[in-house]
Amino acid sequence: MSEVATIEAQEAHLTLPHFTYDDAWALGSLLVGLAREREAPVAIDIRRGMQQLFHCALPGSSADNDAWIDRKRRVVERYGESSFLVGARFRAKGTTFEQSSRLDPDRYAAHGGSFPIAVDGAGVIGSVTVSGLPQAEDHAMVVEALGLLLDGFAA
């Protein structure tokens, strides 16, 4: 399976039945727990629309991580897909997001770590973003936490 197909499958699978303020707290707490277990120097951000519902900066992260969060989150807001998927699609075409998107790279970054929060019947309603690790690891941490949240809904 190609990288693009793998990420598309993740997005299709990780559609939530609902997403409340309490769900944002639960997702953020899952991410903080995973990051602490791994001593990951990350910042975490969860948004619904324009409202920031959760933010946490762990030891070793910096204001640069917040800037990366903003840039990656804007990609999710614009494309309705994960920042990693958007970047992978450009790479699959033999180019890069920076070369071909025609968007300001100071405002947009198609690097892994920002993932759409999609709700059944509503579509993409927000984003969850991690910054501080290599892009594939940022993305994987978000996917893992969303999977745990979804499993918790089913329990």
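A helix here is a DSSP run of H or I with at least four residues, numbered from the N terminus. The model is predicted.

Q: Which helix holds Asn65, and is Asn65 buried or exposed?
A: Asn65 is found in helix α3. Buried means under 20% relative accessible area. Asn65 has 11% relative accessibility, so this residue counts as buried.

Q: Which residues does Asn65 touch, not counting residues up to four places away in sequence?
A: Asn65 belongs to helix α3. Beyond the excluded neighbours, its contacts are Pro41, Ala43, Ser131 and Gly132.

Q: How far apart are the end C-alpha atoms of helix α3?
A: Helix α3 covers residues 63-79, which is 17 residues. At 1.5 Å a residue, the helix should span 24 Å. The model agrees with this, because the end C-alpha atoms are 25 Å apart.

Q: Which residue of β3 is the bridge partner of Ile44?
A: Strands β2 (residues 43-48) and β3 (residues 51-57) run antiparallel and are joined by six bridges. Within this pairing, the partner of Ile44 is Cys56.

Q: Which residue in the hairpin of β2 and β3 takes a positive phi?
A: The hairpin has two residues between the strands. A positive phi near 60° is taken there by Gly49.

Q: Which element gives the largest share of the largest nonpolar core?
A: This core has 29 residues, and Leu27 is among those with the most contacts inside it. Elements giving two or more residues include α2, β5 and α6. The largest share, seven residues, comes from α6.

Key: Residues numbered from 1 in each chain as written. Predicted model: local features only at pLDDT ≥ 70, side-chain atom pairs only at ≥ 80, totals over all residues. Heavy atoms only, no water. Pairing = 2+ DSSP bridges. Expected span 1.5 Å × (residues − 1). Buried < 20%, exposed > 50% of the residue type's maximum accessible area, 1.4 Å probe, protein only. Contact = heavy atoms within 4.5 Å. Core = buried A, V, L, I, M, F, W, Y, C linked by side-chain atoms within 4.5 Å.
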